[in-house]
Amino acid sequence: MTETPQQAPATAGEFGSFLKSKGIDSELLGPDKDSVEMFALDPKNLVTACMLLKETGFDFLVLLTTTDVKKGYQSIYTLHSTATKKSLRIKVTVPKDNPMIPTVSHVWSTANWYEREGYDMMGIIYTGHPDLKRILNPEDWEGFPLRKDYIPPSDSLNGPHPLRETKYAEQTLSKSEKGEKLCQ
Amino acid sequence: MSIVKDIGHTEKAFKTDEMIINMGPQHPSTHGVLRLILTLNGEIVKNCEPVIGYLHRGMEWLGQNRTYVQYQALVDRVDYLAGMSDSHAYIMAVEKIAGTQVPLRAEYIRVICTELNRIISHLLWLGIFMLDLGAMFGFPFYTFRDRETILSFLEEVSGQRMMFNYIRIGGVFKDLPKGWTKKVKKWLTTEFINYIDEYEAIATKNPIFLVRTQGIGYLDPKLALNRGITGPSLRASGINIDLRKYKPYSVYDKFNFNIPTSTVGDTNARYQCRIQELRETAKLVVEAIDKLPGGDTEDLEKNRAELTSGENPTYKAEDLMFIAKGKNVPMGFKCGPGEAYAAVESPRGQLGVHLIADGTSVPYRIKWRSPSYNNTSILPDLIKGHPVSDVVAIFSSLDVILPDVDR
C-alpha cells in the first residue's frame, strides 16, 4: 500500500535483508495491520526467492491473491512458517499489456489451483504452470471478472445487469475508481 | 493344457482399455455440485480430475461492488453450514483495518455462537458421512434431530435459521435472549453428551464401518501441508494446527480445551478427530457460558452496577456491552486505507479473508481463503488406487462443502 513513501527507500525488513544477502533485491512496502512484513519482488526473481524462503521454513502458502492496481496486475503471496509462526507477504506486479508471472506451483502445490483462479479471475498468465485453464468460470467465459475495467455481460432473461442501471451502483463504482489512485 | 491355452487366448483378446467416467455434477453424495472425471481400470481409480465452479456465485466480485455493511449480509452464504465462521472472519478483517475495539462480552458471545455453529456443521457431516458409507437405516435422522435443536437456539439469537448475519462490525447484532444461556447449558450437559455416545455406539466399533474406513485414503502430513490442507483433515495426519490454539484470535486464549489429533491419517482417523471435536466443542461452549462477562442476560441489568462500580471493578462499563459504543455503523461506513488478513478456524479448516481497503465505503479487494478449496485439490492424490466405492467415503471424510469451494 501507499503508506510508505516511495521516494525514501525504507530499510529492508528481516526477510528482505535475508534475500538481499542472497543477491535478490526487494522493495519494502511496510507492515500490514498485523505487522506482517510485505515487500515487492521483480517477477524474474520470484521463483529463486520462493525456493530460498521455503528452505528457511516457509512451508505453507496460505493464500495467493490477485489484484488490479494502477501499475498493472498484482499477485500477492501470503506465506507462513509453521516452525517459527511467522508470516510474510510478497507482491509481484506485472504490466497490464503483458501479464506474465512465473509459476510457483512446483514449490508449493497449493499454488496450482490458486494460480488457475488467478488466471481465471484476473487474466494473469502463470508461465510454466502444468494445467493453466479456467477453474471457477465456464471454459467459454469472456473477459476476466475481477479486473476493474470488466463489464458484466447482460442477462439474457432480465436485460442488462441490474447493478449498472441503478444510480446507487454508479456512485459506488465511481467511488472505487477514485480509490484506485490510493492503491498501487 | 488346452484349457490354460484358452485362458491365455481370451486374456489377449479381452480389451483392457481404461474407461473414463463422469461422476457428478448431480451425484447425490458429492455434497453439492462437484464433477469428477475418473479414469478407471476396471473398478480401480487410475486418475481423477475434479471440475469445480458449478456453484460459483462471484462472492469476491459482489464484495467489490457493495459497501462493507451491505456485504455483511452476504458472507454467511460463502459456507452456508458455518455462517458464523464466515461472518467472524470477514468482520475481523474489517475491524483490523478500522481499528475497532470489540467489547469483551461481544467476543464471548461470538465464541459461543461460532462454536455452536461448529457443532451444527459436524453433526451434518456425521450424518451425511454415514449415509455415504451406506448406512441406509436413517442415521442422519439422529444427527439432524440434534442439529435442529441447535439451529433453533441460534434462531432465537439471530432471528435466522442458517444465514445468521449476527456478527456485526464492532460486536454482535443483539444481546443473548433472556434465559437462553441456561437453556443451552442444560441441553449440552444433560442431553447432548449422551447423544454423542449414541452416535459412537452405532458407528465407532461397527465392523462394517471399520472395514470401510480403516486404512482408506491415507493422507501424508508433508503432502497435506504442501497442499494447504487445514482443519480436522490435517490434524488427523498428525500436524496439530488449530488457529484457536496455534494463533489465538478473539478470546480463545482464555479457555481450556483440547485439540483432538491423530497420527494415523486415514478416513477413520478423520472421523475420530471430528467426533472428539464435538465433545470438546460442547465443553468449550459450556465454559464460555460460565465465563461470560456479566453473566446471563436476565441477571445482567441488576448486576451491571455491582460489577462495574467500586474501587477495583470486575469489569469496565464498556466490557459488558454487546456492541462497541457508537458502532451502530451507518451504510456508508468507511475504513482504510490498509491491508489485513484475518483467519478463523472454521469447522473445515482455516477460513481467511484478505481485505485491501482504499478508504472508501467499498472494499477494494476481498479474497476468500476457503478451506474446502484446498481440501478438494488433494482428492486426486488420495483416491488413486482405490475402488470407486471408496471415492465417496474419502471425499466425504474430507468434509468438503461445495459453496465454500466455488464461492
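**Close-ups of the A–B model**

**View 1. B:Thr204 and B:Tyr271, linked side chain to side chain.** A polar contact of 3.0 Å connects the side chains of B:Thr204 and B:Tyr271. Keep in mind that what you're looking at here, and in every view below, is a predicted model. B:Thr204 has another polar partner too: its side chain pairs with the side chain of B:Glu200 at 2.8 Å. Leaving aside residues up to four places away in sequence, B:Thr204 touches B:Phe209, B:Leu210, B:Tyr271 and B:Gln272. B:Thr204 counts as buried because its relative accessibility is 14%, and the cut-off for buried is under 20%.

**View 2. Strand β5 of chain A and its two strand partners.** β5(A) covers residues 87–94, and it's mostly tucked away: seven of its eight residues are buried. β2 of chain A (residues 37–41) runs parallel to β5(A), joined to it by five bridges. One spot to look for in that pairing is A:Met38, whose bridge partner in β5(A) is A:Arg89. β4 of chain A (residues 73–80) runs antiparallel to β5(A), with eight bridges between them. Here you can pick out A:Ser75, bridged to A:Val92 of β5(A).

**View 3. The β4–β5 hairpin turn in chain A.** Six residues separate β4(A) and β5(A) in this hairpin.

**View 4. A:Arg89 reaching B:Glu339.** A:Arg89, the β5(A) residue bridged to A:Met38, also forms a salt bridge with B:Glu339. The closest N and O atoms of that pair sit 3.6 Å apart. Between chain A and chain B, the count is five salt bridges. There are also 18 residue pairs in polar contact across the interface. On the chain A side, β3 (60–68), β4, β5, α3 (110–122) and α5 (167–179) each put in at least two of the residues that touch chain B. β3(A) gives the largest share, eight residues. Sorted by class, the chain A side has 25 nonpolar, 14 polar and 16 charged residues.

View 5. Chain A brings 55 residues to the contact and chain B brings 48. Together the chains bury about 4,400 Å², with carbon and sulfur atoms giving 57% of that area. In chain A, the residues losing the most area to chain B are A:Lys33, A:Trp113 and A:Leu136, together 16% of what that side buries.

Notes:
Residues are numbered from 1 along each chain as its sequence is written. Chains are lettered from A and ligands numbered from 1 in the order in which they are written. This is a predicted model: local features need pLDDT of at least 70, side-chain atom pairs count only at pLDDT 80 or more; totals for chains, interfaces and linings use all residues. Side-chain values use heavy atoms; hydrogens and water are left out. Buried means under 20% relative accessible area, exposed over 50%, partly exposed in between (1.4 Å probe, protein chains only). A polar contact is a pair of N or O atoms within 3.5 Å; within protein, one must be able to donate a hydrogen and the other to accept it, and residues adjacent in sequence count only if both atoms are side-chain atoms. Contact means heavy atoms within 4.5 Å. Helices (H or I, at least four residues) and strands (E, at least two) are DSSP runs, numbered from the N terminus. Two strands pair if DSSP finds at least two bridges between them. Buried area is the accessible area (1.4 Å probe) that two parts lose on being put together, summed over both. A salt bridge is a side-chain nitrogen of Lys or Arg within 4 Å of a carboxyl oxygen of Asp or Glu. Ala, Val, Leu, Ile, Met, Phe, Trp, Tyr, Cys and Pro count as nonpolar, Asp, Glu, Lys and Arg as charged, and the others, Gly among them, as polar.
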